[in-house]
Amino acid sequence: MIHTIPDTFMGYTFSEEDKRNLSHVGELGKLVTLHEPPEGPIQAYVAFEPERQALVFMRQQDFRLPKQVKGVSLTPQQQQELASGKRIELAGLLSPTGKTYSASVQISAARRSLSIKPAQQRPLSSLDYKQIDLIEFFLHHEGLFHRRDKGSLTAQFVVFERGKGSGDMLIVSRAKNRYFNPNDDHERGTLLDYLAGKLQVNLQSKEGWRQVAEVVQRYLGNELPNHAIAEHGKTKSVDEPRKPTFSLLPFTERDYLIQSRHLSERTLEAPEFIGAIHNWYYRHEKSGNEYINTAFPVTWQGEVHALIIRNDDINISIGNKRLGIWQSQVDKVMHPKEIFITENPIDALAYHELHPPAQPLERLYLATGGTFSEHTPGYIQQLIDTYQPERIVLGNDNDQPGIKLNLRLLSALKNSEQENSLQLRFTAFKDQCRVELTGLPGQVEKLQETENFLYKALKLPPEPANSAVTKEPWQRTLTFPNRREYLVRAEKAILQLNGLSQQVHIIRPMEKDWNDQLGIKKGIPIPAKPNQEQSEAKRKVPALPKEDVIQLQPRIRI
């Protein structure tokens, strides 16, 4: 829950009503003029993101207003109201399960898409929470990706993924209306448990209950009576989980990056990386050993959400990497001419040493930490919109996972100057990959043209086994083998389809990653990979208690 909305944001002054809308609804609810150097005034939508406790914006030109929402055609008046940022009420919307429902619809700057909140007329009670369909909630409110290869939306167990292709799954039991994470025994329960975990609050406290209740109320479109909070939330004092805080040290211990990662002092002292690399102190409670390691902060809009921790034989993260991205420094006056995107901050450092920019701070480095969450494309797109670079470089690893990261990002990025209302979604599985095409009901011909283009670009025979028409004729699914040659062809095809060929460039290292390539250049052999027997043994190691999971190898003994 936000406690204070600033008086101004990018040159726009908020009224008291504006602040109430942002604090309670999450969206400003109107189109306003913001001042974004060097462009000057822009028309934009503004929202508040509770997860990051930050204001965000979306330019009006970056959103294409649909003519239909879930099968319901919009009148000119409804389109005008939506475009102005207002919330409209629609009835007869068609859910993926075939049911019709009513909902409030509004342009969401936070989600960079339409926000669709099904209506509920009953007053809030514990029973109402239990009656909220968790499957519908995950689909409409959370925007989780439905794994259709694991079963339909009408199955007894429905499988979702946090970010397509991420492997971070949640499974909902239709009969029990409960969820669980197959990879984490601690993440399971009801809708309330899910929201408490997402917001990092304690449901047994009054404040924790209030924050969870506010999310549900926004979903239901109701106001929350104060007495309902007081009755459910316990009034006794409880220590509540806070947003994570990280005690970062100045970057003085550099042996790991210099000796083990072959980076030079000159690179580490480059203005791009001053303040983007830190040391992190860790004391192991059982042994009493103390360690100093290298830490790369995962941030968004000035807040640290996680740390990528590296040292010899250590590659872990603490916090929630899904809520941000590692970024190098930028010149606040002269925007970068290039944005370089890779998986690992160390590869960004290595690329800088191999290919230094002509002038300091001309290049912005971004690293996803190998995590592609539902937030990642929006973060990168917003940085691209803000800085308007001349060139964007995808420098992920030279292996199939690296190419798949490129494809996920290319499917989500858009060229604001090209009108392309077709939506692309890339998903990778063990033996095959999938491209899903979605258009508007009147775009069946354009959809067929795009599908034919992909067949030709991927060198696939147009056979039924490679393509499927869903229930709606404006949706298609095309599959192809999960092999490198097809992935590379798909990169080129999606670059062209989304109008990114002139601005986005894919550069792969000769070795697996840029740090390996730097080592080879300096005459340092690449360490041998573990054999199959070692890999199998590693996979069979049982889960350790939390304090043992973060055992870090010492570089300096204090």
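This is a predicted model: local features need pLDDT of at least 70, side-chain atom pairs count only at pLDDT 80 or more; totals for chains, interfaces and linings use all residues.

Guide: Residues are numbered from 1 along each chain as its sequence is written, and side-chain values use heavy atoms, with hydrogens and water left out.

Visitor: In what order do the strands β8, β9 and β10 lie in their sheet?

Guide: Strands of a sheet pair through backbone hydrogen bonds, in a parallel or an antiparallel manner. Helices (H or I, at least four residues) and strands (E, at least two) are DSSP runs numbered from the N terminus, and two strands pair if DSSP finds at least two bridges between them. Here the open sheet has the order β8-β9-β10, with antiparallel pairing. β8 (88-94) and β10 (113-118) each have a single partner strand, so one side of each lacks a neighbour in the sheet. The twist averages 40° from one strand to the next; axes are lines fitted to C-alpha atoms, for helices over the stretch in contact, and angles run from 0 to 180 degrees between N-to-C directions.

Visitor: How many bridges join β8 and β9?

Guide: Five bridges join β8 to β9 (residues 100-108), and Glu89 stands opposite Ser104 in β9. Helix α2 (residues 76-83) lies across β8, β9 and β10, at about 120° to β8.

Visitor: Which strands are at the edges of the five-stranded sheet?

Guide: That open, antiparallel sheet has the order β16-β17-β18-β19-β20, and its edge strands are β16 (248-249) and β20 (314-319). Six bridges link β19 (residues 303-311) with β20; Leu307 has Ile318 in β20 as its bridge partner.

Visitor: Is α11 mostly covered or uncovered?

Guide: Buried means under 20% relative accessible area, exposed over 50%, and partly exposed in between (1.4 Å probe, protein chains only). Eleven of the twelve residues of α11 are buried, so the helix is mostly covered; among them are Tyr379 and Tyr387. Just after α11, Gln388 takes a positive phi of about 50°.

Visitor: Where is Asp397 found, and why does it count as buried?

Guide: Asp397 is in the loop between β24 (391-394) and α12 (400-412), and it counts as buried because its relative accessibility is 6%. Its side chain makes a polar contact of 2.9 Å with that of Lys512. A polar contact is a pair of N or O atoms within 3.5 Å; within protein, one must be able to donate a hydrogen and the other to accept it, and residues adjacent in sequence count only if both atoms are side-chain atoms.

Definitions and conventions:
Contact means heavy atoms within 4.5 Å.
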